[in-house]
There are 2 protein chains.
Amino acid sequence: MKQDTTNEAEIRALLDGYVTAIRNHDLDGVKAAWAPDLLAFDIIAPLQYVGAEAFGKVWRAIFEVFEKPIPYEIRDLRITAGDEVAFSHSLNRNSGTMKNGQKVDLWLRWTAGYRKIDGKWRIAHVHVSVPADMRTGKAVLDLQP
Amino acid sequence: MKQDTTNEAEIRALLDGYVTAIRNHDLDGVKAAWAPDLLAFDIIAPLQYVGAEAFGKVWRAIFEVFEKPIPYEIRDLRITAGDEVAFSHSLNRNSGTMKNGQKVDLWLRWTAGYRKIDGKWRIAHVHVSVPADMRTGKAVLDLQP
(Lines give C-alpha, C1' and ligand atoms only; values in the text may rest on other atoms or scores of the structure.)
Protein backbone atom coordinates (compact mmCIF):
# COMPACT_ATOMS: atom_id res chain seq x y z
CA MET A 1 0.00 0.00 0.00
CA LYS A 2 2.96 2.23 0.74
CA GLN A 3 4.31 1.32 -2.68
CA ASP A 4 1.02 2.26 -4.32
CA THR A 5 1.05 5.60 -2.52
CA THR A 6 4.57 6.28 -3.74
CA ASN A 7 3.64 5.36 -7.29
CA GLU A 8 0.57 7.58 -7.12
CA ALA A 9 2.68 10.47 -5.80
CA GLU A 10 5.17 9.99 -8.62
CA ILE A 11 2.40 10.08 -11.21
CA ARG A 12 0.93 13.22 -9.62
CA ALA A 13 4.34 14.83 -9.90
CA LEU A 14 4.56 13.75 -13.55
CA LEU A 15 1.18 15.36 -14.24
CA ASP A 16 2.14 18.53 -12.36
CA GLY A 17 5.12 18.85 -14.67
CA TYR A 18 2.95 18.07 -17.68
CA VAL A 19 0.48 20.84 -16.84
CA THR A 20 3.31 23.30 -16.23
CA ALA A 21 4.78 22.43 -19.64
CA ILE A 22 1.40 22.89 -21.35
CA ARG A 23 0.87 26.25 -19.66
CA ASN A 24 4.28 27.45 -20.79
CA HIS A 25 4.16 26.19 -24.39
CA ASP A 26 7.07 23.92 -23.49
CA LEU A 27 6.88 21.24 -26.17
CA ASP A 28 9.97 19.40 -24.94
CA GLY A 29 8.48 19.32 -21.45
CA VAL A 30 5.21 17.94 -22.77
CA LYS A 31 6.97 15.25 -24.77
CA ALA A 32 9.21 14.33 -21.83
CA ALA A 33 6.13 13.01 -20.04
CA TRP A 34 5.37 10.55 -22.84
CA ALA A 35 6.68 7.11 -23.68
CA PRO A 36 8.22 7.08 -27.17
CA ASP A 37 5.53 4.64 -28.33
CA LEU A 38 2.67 6.79 -26.99
CA LEU A 39 -0.65 6.02 -28.61
CA ALA A 40 -3.11 8.92 -28.39
CA PHE A 41 -6.84 9.14 -29.00
CA ASP A 42 -7.22 12.92 -29.19
CA ILE A 43 -10.17 15.30 -29.17
CA ILE A 44 -9.54 15.86 -32.89
CA ALA A 45 -9.20 13.44 -35.81
CA PRO A 46 -7.70 11.08 -36.88
CA LEU A 47 -8.91 8.15 -34.79
CA GLN A 48 -5.44 7.68 -33.33
CA TYR A 49 -1.95 9.16 -33.23
CA VAL A 50 0.78 6.52 -33.17
CA GLY A 51 4.02 7.59 -31.53
CA ALA A 52 5.23 10.62 -29.60
CA GLU A 53 6.48 12.34 -32.76
CA ALA A 54 3.03 12.25 -34.38
CA PHE A 55 1.26 13.55 -31.27
CA GLY A 56 3.94 16.17 -30.71
CA LYS A 57 2.84 17.85 -33.94
CA VAL A 58 -0.62 18.36 -32.46
CA TRP A 59 0.85 20.15 -29.46
CA ARG A 60 3.14 22.22 -31.64
CA ALA A 61 0.06 23.39 -33.54
CA ILE A 62 -1.78 24.18 -30.28
CA PHE A 63 1.13 26.27 -29.04
CA GLU A 64 1.20 28.14 -32.36
CA VAL A 65 -2.50 28.98 -32.14
CA PHE A 66 -2.91 29.86 -28.44
CA GLU A 67 -1.62 32.77 -26.40
CA LYS A 68 0.80 31.93 -23.62
CA PRO A 69 0.17 30.91 -20.88
CA ILE A 70 -2.56 28.33 -21.55
CA PRO A 71 -4.70 28.00 -18.42
CA TYR A 72 -4.93 24.21 -18.10
CA GLU A 73 -6.52 22.55 -15.09
CA ILE A 74 -6.89 18.91 -14.00
CA ARG A 75 -9.95 18.18 -11.86
CA ASP A 76 -11.34 15.05 -10.17
CA LEU A 77 -8.08 13.21 -10.82
CA ARG A 78 -8.14 9.58 -9.76
CA ILE A 79 -5.00 7.48 -10.17
CA THR A 80 -4.96 3.68 -9.91
CA ALA A 81 -1.35 2.55 -9.72
CA GLY A 82 0.42 -0.79 -9.50
CA ASP A 83 4.19 -1.11 -9.40
CA GLU A 84 4.74 -1.03 -13.17
CA VAL A 85 1.40 -0.10 -14.76
CA ALA A 86 -1.15 2.58 -13.86
CA PHE A 87 -4.09 4.49 -15.26
CA SER A 88 -5.86 7.71 -14.37
CA HIS A 89 -8.99 9.59 -15.27
CA SER A 90 -9.83 13.21 -14.77
CA LEU A 91 -11.80 16.14 -16.15
CA ASN A 92 -9.39 18.63 -17.69
CA ARG A 93 -10.30 22.23 -18.36
CA ASN A 94 -8.74 23.44 -21.55
CA SER A 95 -9.25 27.17 -21.74
CA GLY A 96 -7.41 30.09 -23.18
CA THR A 97 -7.32 32.72 -25.86
CA MET A 98 -6.34 32.05 -29.42
CA LYS A 99 -4.05 34.49 -31.18
CA ASN A 100 -6.99 35.57 -33.35
CA GLY A 101 -8.80 36.65 -30.18
CA GLN A 102 -11.22 33.72 -30.00
CA LYS A 103 -11.73 32.33 -26.50
CA VAL A 104 -11.94 28.62 -25.75
CA ASP A 105 -13.28 27.06 -22.57
CA LEU A 106 -13.77 23.35 -22.77
CA TRP A 107 -14.00 20.51 -20.25
CA LEU A 108 -12.41 17.34 -21.59
CA ARG A 109 -12.63 13.79 -20.35
CA TRP A 110 -9.01 12.71 -19.94
CA THR A 111 -7.75 9.16 -19.44
CA ALA A 112 -4.11 8.12 -19.34
CA GLY A 113 -2.30 4.79 -19.16
CA TYR A 114 1.20 4.78 -17.64
CA ARG A 115 4.18 2.43 -17.76
CA LYS A 116 7.26 2.63 -15.59
CA ILE A 117 10.22 2.86 -17.98
CA ASP A 118 13.72 2.70 -16.49
CA GLY A 119 12.21 3.46 -13.10
CA LYS A 120 10.23 6.51 -14.25
CA TRP A 121 6.53 6.78 -14.97
CA ARG A 122 5.62 7.80 -18.49
CA ILE A 123 2.30 8.37 -20.26
CA ALA A 124 2.04 5.46 -22.72
CA HIS A 125 -1.55 6.12 -23.75
CA VAL A 126 -3.86 9.10 -23.56
CA HIS A 127 -7.51 9.43 -24.52
CA VAL A 128 -9.10 12.88 -24.71
CA SER A 129 -12.71 13.53 -25.69
CA VAL A 130 -16.04 15.24 -25.34
CA PRO A 131 -19.32 13.33 -25.70
CA ALA A 132 -21.27 13.25 -28.95
CA ASP A 133 -24.99 13.87 -29.45
CA MET A 134 -25.98 10.93 -31.64
CA ARG A 135 -29.27 12.54 -32.72
CA THR A 136 -27.81 15.83 -33.97
CA GLY A 137 -24.32 14.53 -34.85
CA LYS A 138 -22.79 17.35 -32.82
CA ALA A 139 -19.90 17.25 -30.41
CA VAL A 140 -21.10 18.29 -26.96
CA LEU A 141 -18.70 21.10 -26.17
CA ASP A 142 -20.47 23.00 -23.39
CA LEU A 143 -20.64 20.48 -20.53
CA GLN A 144 -19.27 21.40 -17.12
CA PRO A 145 -18.54 19.12 -14.19
CA MET B 1 7.08 -11.68 -17.93
CA LYS B 2 5.20 -14.95 -17.58
CA GLN B 3 3.01 -13.23 -15.01
CA ASP B 4 2.30 -10.37 -17.41
CA THR B 5 1.39 -12.84 -20.14
CA THR B 6 -1.02 -14.57 -17.79
CA ASN B 7 -2.57 -11.26 -16.77
CA GLU B 8 -2.93 -10.24 -20.39
CA ALA B 9 -4.55 -13.57 -21.25
CA GLU B 10 -6.99 -13.16 -18.36
CA ILE B 11 -7.94 -9.68 -19.57
CA ARG B 12 -8.42 -10.97 -23.12
CA ALA B 13 -10.76 -13.61 -21.73
CA LEU B 14 -12.64 -10.93 -19.78
CA LEU B 15 -13.09 -8.91 -22.97
CA ASP B 16 -14.15 -11.98 -24.95
CA GLY B 17 -16.91 -12.51 -22.41
CA TYR B 18 -17.78 -8.83 -22.50
CA VAL B 19 -18.21 -8.85 -26.28
CA THR B 20 -20.29 -12.02 -26.12
CA ALA B 21 -22.54 -10.40 -23.51
CA ILE B 22 -22.94 -7.26 -25.64
CA ARG B 23 -23.81 -9.30 -28.73
CA ASN B 24 -26.46 -11.25 -26.83
CA HIS B 25 -28.08 -8.32 -24.98
CA ASP B 26 -26.90 -9.93 -21.75
CA LEU B 27 -26.96 -7.01 -19.32
CA ASP B 28 -25.89 -9.12 -16.33
CA GLY B 29 -22.95 -10.41 -18.37
CA VAL B 30 -21.93 -6.89 -19.33
CA LYS B 31 -22.12 -5.69 -15.73
CA ALA B 32 -20.21 -8.73 -14.47
CA ALA B 33 -17.12 -7.40 -16.27
CA TRP B 34 -17.23 -4.13 -14.33
CA ALA B 35 -15.98 -3.12 -10.91
CA PRO B 36 -18.87 -1.81 -8.80
CA ASP B 37 -17.23 1.62 -8.68
CA LEU B 38 -16.79 1.78 -12.48
CA LEU B 39 -16.36 5.30 -13.79
CA ALA B 40 -17.32 5.66 -17.45
CA PHE B 41 -16.69 8.40 -19.99
CA ASP B 42 -19.16 7.32 -22.68
CA ILE B 43 -19.74 8.31 -26.28
CA ILE B 44 -22.88 10.15 -25.11
CA ALA B 45 -23.41 12.77 -22.41
CA PRO B 46 -23.13 13.39 -19.51
CA LEU B 47 -19.39 13.93 -19.03
CA GLN B 48 -19.18 10.89 -16.76
CA TYR B 49 -21.19 7.99 -15.36
CA VAL B 50 -20.29 7.19 -11.76
CA GLY B 51 -20.86 3.58 -10.72
CA ALA B 52 -21.90 0.38 -12.46
CA GLU B 53 -25.60 1.00 -11.78
CA ALA B 54 -25.55 4.33 -13.62
CA PHE B 55 -23.70 2.95 -16.63
CA GLY B 56 -25.87 -0.18 -16.66
CA LYS B 57 -28.84 2.04 -17.55
CA VAL B 58 -27.04 3.11 -20.73
CA TRP B 59 -26.58 -0.51 -21.79
CA ARG B 60 -30.18 -1.35 -20.89
CA ALA B 61 -31.28 1.44 -23.25
CA ILE B 62 -28.93 0.21 -26.02
CA PHE B 63 -30.37 -3.31 -25.75
CA GLU B 64 -33.91 -1.89 -25.93
CA VAL B 65 -33.14 0.06 -29.11
CA PHE B 66 -31.00 -2.44 -31.09
CA GLU B 67 -31.89 -5.74 -32.71
CA LYS B 68 -30.19 -8.83 -31.30
CA PRO B 69 -27.44 -9.83 -31.90
CA ILE B 70 -25.38 -6.64 -31.89
CA PRO B 71 -22.30 -7.16 -34.11
CA TYR B 72 -19.55 -5.79 -31.85
CA GLU B 73 -15.89 -6.10 -32.75
CA ILE B 74 -12.64 -5.18 -30.95
CA ARG B 75 -9.71 -4.34 -33.23
CA ASP B 76 -6.07 -3.35 -32.63
CA LEU B 77 -6.36 -4.33 -28.98
CA ARG B 78 -3.27 -3.60 -26.95
CA ILE B 79 -3.18 -4.57 -23.27
CA THR B 80 -0.56 -3.31 -20.82
CA ALA B 81 -0.83 -5.35 -17.64
CA GLY B 82 0.91 -5.37 -14.29
CA ASP B 83 -0.03 -7.76 -11.52
CA GLU B 84 -2.85 -5.66 -10.06
CA VAL B 85 -3.48 -2.81 -12.49
CA ALA B 86 -3.78 -2.77 -16.28
CA PHE B 87 -5.05 -0.68 -19.16
CA SER B 88 -5.96 -1.34 -22.76
CA HIS B 89 -6.81 0.58 -25.88
CA SER B 90 -8.55 -0.60 -29.02
CA LEU B 91 -10.79 0.48 -31.86
CA ASN B 92 -14.22 -1.03 -31.38
CA ARG B 93 -16.72 -1.35 -34.16
CA ASN B 94 -20.23 -0.73 -32.94
CA SER B 95 -22.60 -1.70 -35.70
CA GLY B 96 -26.08 -3.07 -35.92
CA THR B 97 -29.67 -2.37 -36.79
CA MET B 98 -32.01 -0.40 -34.58
CA LYS B 99 -35.53 -1.68 -34.07
CA ASN B 100 -36.78 1.26 -36.16
CA GLY B 101 -34.73 -0.07 -39.10
CA GLN B 102 -31.92 2.51 -38.86
CA LYS B 103 -28.46 1.06 -39.37
CA VAL B 104 -25.46 2.14 -37.30
CA ASP B 105 -21.82 1.48 -38.15
CA LEU B 106 -19.39 3.36 -35.98
CA TRP B 107 -15.73 2.94 -35.03
CA LEU B 108 -15.11 3.99 -31.44
CA ARG B 109 -11.86 4.69 -29.64
CA TRP B 110 -12.05 2.46 -26.57
CA THR B 111 -9.80 2.68 -23.50
CA ALA B 112 -10.22 0.66 -20.34
CA GLY B 113 -8.52 0.63 -16.94
CA TYR B 114 -8.56 -2.64 -14.97
CA ARG B 115 -8.08 -3.60 -11.34
CA LYS B 116 -7.70 -7.09 -9.99
CA ILE B 117 -10.44 -7.54 -7.38
CA ASP B 118 -10.42 -10.74 -5.29
CA GLY B 119 -8.10 -12.29 -7.87
CA LYS B 120 -10.25 -11.39 -10.88
CA TRP B 121 -9.71 -8.62 -13.40
CA ARG B 122 -12.53 -6.11 -13.63
CA ILE B 123 -13.05 -3.00 -15.78
CA ALA B 124 -12.78 -0.10 -13.33
CA HIS B 125 -12.77 2.66 -15.93
CA VAL B 126 -13.86 2.90 -19.53
CA HIS B 127 -13.56 5.76 -21.99
CA VAL B 128 -15.43 5.60 -25.30
CA SER B 129 -15.38 8.35 -27.92
CA VAL B 130 -15.19 9.63 -31.46
CA PRO B 131 -13.15 12.72 -32.36
CA ALA B 132 -14.72 16.16 -32.67
CA ASP B 133 -14.29 18.65 -35.50
CA MET B 134 -13.59 21.87 -33.61
CA ARG B 135 -14.35 24.11 -36.61
CA THR B 136 -17.80 22.71 -37.38
CA GLY B 137 -18.68 21.53 -33.86
CA LYS B 138 -19.60 18.14 -35.26
CA ALA B 139 -18.77 14.71 -33.92
CA VAL B 140 -16.68 12.82 -36.48
CA LEU B 141 -18.72 9.66 -36.89
CA ASP B 142 -17.47 8.25 -40.20
CA LEU B 143 -13.81 7.44 -39.53
CA GLN B 144 -12.48 3.96 -40.20
CA PRO B 145 -9.21 2.42 -39.08
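**Close-up views of a predicted two-chain model**

View 1. In soluble globular proteins, nonpolar side chains tend to be buried together.

**View 2. The open sheet of chain A.** Six strands of chain A are arranged in the order β2-β1-β6-β5-β4-β3, with mixed pairing. Which strands stand at the edges? They are β2 (49-50) and β3 (72-81) of chain A; each has a single partner strand, so one side of each is left without a neighbour in the sheet. Strands of a sheet pair through backbone hydrogen bonds, either parallel or antiparallel.

**View 3. The pairing of β1(A) with β2(A), and helix α3 of chain A.** Strand β1 of chain A, residues 34-41, pairs with β2(A) over two bridges in the antiparallel sense. Y49(A), in β2(A), is the bridge partner of A40(A). Helix α3 of chain A, residues 52-65, packs on the sheet and touches β1 and β2 of chain A. The direction of this helix makes about 65 degrees with that of β1(A).

**View 4. The contact between chain A and chain B.** Chain A contributes 39 residues to the contact, and chain B contributes 39 residues. On the side of chain A that touches chain B, two or more residues come from each of β1, β3, β4 (85-97), β5 (103-117), β6 (120-129) and β8 (138-139) of chain A. By class, this side of chain A comprises 23 nonpolar, ten polar and six charged residues.

Terms used:
Residues are numbered from 1 along each chain as its sequence is written. Chains are lettered from A and ligands numbered from 1 in the order in which they are written. This is a predicted model: local features need pLDDT of at least 70, side-chain atom pairs count only at pLDDT 80 or more; totals for chains, interfaces and linings use all residues. Two strands pair if DSSP finds at least two bridges between them. Helices (H or I, at least four residues) and strands (E, at least two) are DSSP runs, numbered from the N terminus. Two residues are in contact if their C-beta atoms, placed from the backbone, lie within 7 Å. Axes are lines fitted to C-alpha atoms, for helices over the stretch in contact, and angles run from 0 to 180 degrees between N-to-C directions. Ala, Val, Leu, Ile, Met, Phe, Trp, Tyr, Cys and Pro count as nonpolar, Asp, Glu, Lys and Arg as charged, and the others, Gly among them, as polar.
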